[in-house]
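Here is a short report on one structure. Please keep the coordinates open while reading.

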Amino acid sequence: MEGTRRRERIVVFLCYLCMAFTTSFAGDRETETLMKLKSALIGDGGAGLDDWGAAMPHCSFSGVTCDANARVVSLHLCFVPLFGRVAPEIGLLKSLLNLTLSSSNLTGEIPPEISKLSSLRSLNLSHNFFSGEFPTEVATHLRELEVIDVYDNNLTGKLPAGFPNLRKLRYLHLGGNYFSGEIPAAYSEIETLEHLGLNGNSLSGKIPPSLGGLPNLQELYLGYYNSFEGGIPPEFGSLTRLTRLDMAACNISGRIPPALGRLETLKVLYLQLNRLTGAIPAEVSGLKSLQCLDLSLNELIGEIPTGFSELGEIILLNLFSNHFNGGVPDYLADFPNLQVLQLWGNNFTGKLPERLGSNRKLRILDVSFNRFGGTIPAHLCLGNKLKNLILMQNGFSGSIPADLGDCKSLQRVRLGNNLLNGSIPLGFLTLRLADIIELNNNQFSGELPPEMSGERIEILNLGFNKLGGKLPPAIGNLSKLRILALEQNGISGELPPELGDLKSLAKINLTRNEISGHIPTELSRCTDLTGIDLSGNNLTGSIPVEIAQLGILTALNLSRNRLSGEIPPEMEKMTSLVSLDLSRNNLSGRVPTEGQFRLFDESAFAGNSLLCGFRSLPCSVQGTPLESSRGRLCSPDFCLLVLLVVVSVGIFQAYHARPISWSTLGALKSPCYSSQ
């Protein structure tokens, strides 16, 4: 009995030793393989995997997971700046179940040795720079694969035809590459498939209708850069488990199949940027689970179907750039989850729903370039989530709702080219997140808000209104301002020196106002300026010599003011200046002749009677217009007198038939008729 127990202990001990030896040997082999992989994975400029060292247990390496026998079962590296390639030794990790090397700047071809990983279930090589063709061996040998993701690489060639051999495949994403040719009809045989991504390639031909027979398909991506023939297969109406259908920007044409209305589980339908025609089928109203619908940038016609009232889950509705007409149904305002409504570039008429925004979730509203009228709905920012308010090129009237001035979430306000009136809400120029404020071409009146603190505003366009008062000094608080447009208003008073604080200012347009005083020298501190238009005002004083410091200024218009003094000769150094208009002022002295001034014609200086130096009016030694007869024009009164005399002489000669020589008119002879 004792001997039997002893023998059992010996057997157990020997088994333990054998297992330890096997595990140690396997560990050494796995470590050696991983070190070879590391050597290839880290390329020029690459970094990472610092804890991968021969002296360390390989199961402790970052991204490495082992089983109980120290065999590597998962290699998961994401967002590591490797810049290398995958070595053929990858095929030695026989126990690997998961191979994920994503977003790590890997290059080269996908090694066919991956096909030796017979237990592999998930292969994710997305967001890298792999090139060449996808290895056909992977589709032939890896029968356990459930996930293949090579999205966003540089793979080429035809789509691999062998994927139907993978009877467990659930997720297949080949998008974002350069695959060409047609979609293999055999893909409809992958009955386990739940996700199929072929978007963002160079595929062509017709979309196989047989794809509509995939019983488990939930997500289908076919759009972007592909260019298919024909339209949407009506057979897609049989994909009853589909939750997402994305066929945007892939050249499909024809009508939207009514059969799509049977997809009751569909949440996302993207068909934008195609050549779809006809009206929206009434059957689309059957998509009761739909959250995002984008039909924009097509050639669709008709009105919004009345049945859309059934789409109560809608979050995003994009119908822009089509040929839709009619009104916007009031029920849209009652959608509890509506966040994005973009209808621009159609022929919609009528008013916007009065309750629009009352769900407190509206973020983006763009109905520009239509024929809407009426007033702006009062509740658009009720939830303080509204970011984009774009209503330009319509016929909206009335004043801007006062609550919008307190809409702290606003980032973009574009209300130009309407019939809006009243004053600008006080808070509009203090919006902390706003980058564009456009209220141009309306009938706004009153003065500019005295408080301006919108630190992100880049474009402020208030031109072509009826605004008055002074330009407030607070304008200098708009530190990111690039474009300031206030043309054709009634702005008066002097320009504030705080304009010089706008270091990002590129263009300023204040033409046709009633601005007086001097041009502030501080404007020269705005060294990013490329265009200045202060024409049509009452500016006085001289042109600041500091203006020559604006090294990238291309256009300067100071015409139709009351500026005096000389043109600063330092302006000859403004090598970027290609457009100059100083006409109709009281400037005097010599016009500069060097630099860009060689290119400007006389019209740039016309209407300044004391200027000289250009071709038709040379200067005297003193720098004043030369009084010589050469090229000189007679005064209007004197020329009229001479004309009357000549006509009288002609009449006298006609009656008396006596020739009269010019010498008899010597006393009246004008320099403007000199033979020289």
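The text below covers salt bridges, strand pairing and a cavity.

The model is predicted.

**Salt bridges**

A search of the whole structure finds ten salt bridges. Side chains of opposite charge can pair when their charged atoms come close.

| Pair | N to O distance |
|---|---|
| Glu438 and Arg414 | 2.8 Å |
| Arg482 and Glu458 | 3.2 Å |
| Arg525 and Asp501 | 2.9 Å |

Take Glu438 and Arg414, which meet through their side chains. This pair links distant parts of the chain, 24 residues apart. Glu438 sits in strand β29 (residues 436-438), and Arg414 in strand β27 (residues 412-414). Buried or exposed: which is Glu438? Its relative accessible area is 11%, under the 20% cut-off, so Glu438 counts as buried. Arg414 is partly exposed, at 23% relative accessibility.

The salt bridge between Arg482 and Glu458 has its closest N and O atoms 3.2 Å apart. Arg482 lies in the loop between β32 (466-468) and β33 (483-485), while Glu458 lies in the loop between β30 (443-447) and β31 (459-461), so the pair ties together parts 24 residues apart in sequence. Arg482 is partly exposed, with a relative accessible area of 33%. Glu458 is partly exposed too, at 32%.

Arg525 and Asp501 also meet in a salt bridge. The pair links distant parts of the chain, 24 residues apart. Arg525 is in the loop between β36 (514-517) and β37 (531-533). Asp501 is in the loop between β34 (492-494) and β35 (507-509). Arg525 is partly exposed, at 37% relative accessible area. Asp501 is partly exposed, at 35%.

Salt bridges also form a network, which links Glu146, Arg170 and Glu194.

**Strand pairing**

Strand β16 (residues 275-279) pairs with β14 (residues 253-254) in the parallel sense, over two bridges. Here Gly254 stands opposite Leu276 of β16. Strand β16 also joins β18 (residues 299-302), again in parallel, through three bridges. On that side, Gly278 stands opposite Leu300 in β18.

**Cavity**

How many cavities of 30 Å³ or more does a search of the whole structure find? The search finds one. The largest cavity holds about 40 Å³ of space. Its lining includes Ile519, Pro520, Thr521, Leu523 and Ser524. Ile532, Pro544, Glu546, Ile547 and Leu550 line the largest cavity as well. By class, the lining residues are seven nonpolar, two polar and one charged.

Definitions and conventions: Residues numbered from 1 in each chain as written. Predicted model: local features only at pLDDT ≥ 70, side-chain atom pairs only at ≥ 80, totals over all residues. Heavy atoms only, no water. Pairing = 2+ DSSP bridges. Helix = DSSP H or I, 4+ residues; strand = E, 2+ residues; numbered from the N terminus. 1 Å grid on protein atoms, 1.4 Å probe; cavity = no way out; pocket = protein on both sides within 12 Å on 5 of 7 lines; lining within 4 Å. Points joined across faces, edges and corners; volume = space filled by probe spheres on them. Nonpolar A, V, L, I, M, F, W, Y, C, P; charged D, E, K, R; others polar. Salt bridge = Lys/Arg side-chain N within 4 Å of Asp/Glu carboxyl O. Buried < 20%, exposed > 50% of the residue type's maximum accessible area, 1.4 Å probe, protein only.
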